[in-house]
Amino acid sequence: MRIRALVSVVGLLLTAVAVDALAVTQVKSMRLWRAPDNTRLVFDLSGPVQHSVFTLTAPDRLVIDINGATLAAPLSVSTSNTPITSVRSAQRTPTDLRVVVDLKKSVTPKSFTLAPNAQYGNRLVVDLFDQEADAVTPPPTPPVATTPAVPVTPAQPAIKLTPVPNGKRDIVIAIDAGHGGEDPGASGSRGQHEKDIVLAIAKELQRQINSEKGFRAELTRTGDYFIPLRKRTEIARKKGADLFISIHADAAPSKAAFGASVFALSDRGATSETARWLADSENRSDLIGGAGNVSLDDKDRMLAGVLLDLSMTASLSSSLNVGQKVLGNMGRITPLHKQRVEQAGFMVLKSPDIPSILVETGFISNANEAAKLATPSHQQSLARSIHSGVRQFFQQNPPPGTYVAWLRDSGKIAQGPREHSVRPGETLAMIAVRYQVSVASLRSANSLKTDELKVGQHLNIPTTALAAQQ
Ligand SMILES: [Zn+2]
């Protein structure tokens, strides 16, 4: 009796082991996202898999072998506007699945797997990059207006002025709609997705800015697809952006939290707990979308050096200035979460040479705000208030060589006083370079007896035309 019982226990164990070995991963569904230069396929899996990807020609097709997997349901997605004509699948062995993607033209594939996160389980991602010849080449953009990295020493009595270009180019505003594709961002209780709301606001803001002479707006993302955070700032730089605005509508652990906020990059630490929390959740975006294998630690170390750079100081000061103007205008149409520009370590704000702000248009986790954010009329008002802040900033601080600078210098727009609030480490020479004026004109405009500056001291900045005469 006792022996027979033991035997049957062993038998049960053996059965359990055998079942476990046979247990294969299920491919539960396939999602597709089309970006301007690639098509992303995401397979949702019940567990981890091994896979391989290769292409075949005549006709062009892509083969995706997923080992240790079976199909839970037929794969179906809309392939319109993609190089894909159809997707077929077959079981090569009882546990090896082959997916064949039929193509109109050849593509360059790149694939990787992603571990589960808060929103999704295991995933296999296959990116189909359009081939170079097919990619639409964007028109050439004017060079980026950066503050020249002139080596300056505080003791230098005068600094050579960089010649002001004579052109009348547009001021370029890069508008970045946060999240996208398989990264929906925050979600409201009625299923509103941050990625959709912010894209609508971004497009409206682009429309408004483009209707104003002297300005051009470029979107980093034009549809529902994912872009890694670093790529967003890269796109802005390629477009020759004078300002980068990232638009979000976020969630907070407290459902009662409400109001809009504007952020600039912090030089060290976040200015509030909310700021820290938001920065963490926004920066997580890359882990959701698949740029998580990039070592951010390295970049941060590199950025630590960049932060000390003169141009960073200049663009951070501009970021705070434009941010405050945007916040002031937003405060007229929606409640504010904080009255002043907050600072936090958002990845998308880390462009050393482009003033950058992140606008949280409201809390999607708050039922009232989520409902408002989804209305086109509120989206328009938000865009209008951001636009007003941007216009005010650039009318007071037009980059040299732009149409707005020309208008200003030829007296066609009222010249509001320009002011600069001195930041730690800044010298009179640095400020002169930044505003393209001479140190002498700064001294006389502020009746300075010495070149010593105090942090927080307000300086009047003379107009370019006036400064050039001195
Ligand atoms: Zn967001």
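Helix H2 (residues 194-210) lies across strand S10 (171-177), S11, strand S12 (243-250) and strand S15 (356-363), and runs at about 160 degrees to S11; contact here means heavy atoms within 4.5 Å, and helices (H or I, at least four residues) and strands (E, at least two) are DSSP runs numbered from the N terminus. Angles run from 0 to 180 degrees between N-to-C directions, with axes fitted to C-alpha atoms, for helices over the stretch in contact. The model is predicted, with local features requiring pLDDT of at least 70 and side-chain atom pairs counted only at pLDDT 80 or more, whereas totals for chains, interfaces and linings use all residues. Residues are numbered from 1 along each chain as its sequence is written, and side-chain values use heavy atoms, with hydrogens and water left out.

The sheet is open and consists of six strands in the order S11-S10-S12-S15-S13-S14, with mixed pairing, where two strands pair if DSSP finds at least two bridges between them. Its edges are formed by strand S11 (215-219) and strand S14 (342-344), each of which pairs on one side only, and the twist from one strand to the next averages 30 degrees. Strand S13 (residues 261-265) pairs with S14 in the parallel sense over three bridges, and Ala-264 has Gln-343 in S14 as its bridge partner.

H2 also packs with helix H9 (residues 376-396), at an angle of about 50 degrees and with the axes 9 Å apart. The two helices, H2 and H9, are therefore oblique to each other, since angles under 35 degrees count as roughly parallel, over 145 as roughly antiparallel, 65 to 115 as roughly perpendicular and the rest as oblique. The crossing of H2 and H9 is right-handed, that is, the near helix is turned clockwise from the far one by less than a right angle. Residues of H2 that meet H9 include Ile-197, Ala-200, Ile-201 and Leu-205, and those of H9 that meet H2 include Leu-382, Ala-383 and Ile-386.

Asn-366 is located in the loop between S15 and helix H8 (367-373) and is buried, with a relative accessible area of 11% (buried means under 20%, exposed over 50% and partly exposed in between, with a 1.4 Å probe and protein chains only). Residues up to four places away in sequence aside, Asn-366 touches Lys-255, Ala-256, Ala-257 and Phe-258. The C-alpha atoms of Asn-366 and Gly-188 are separated by 7.5 Å, although these residues are 178 residues apart along the chain.
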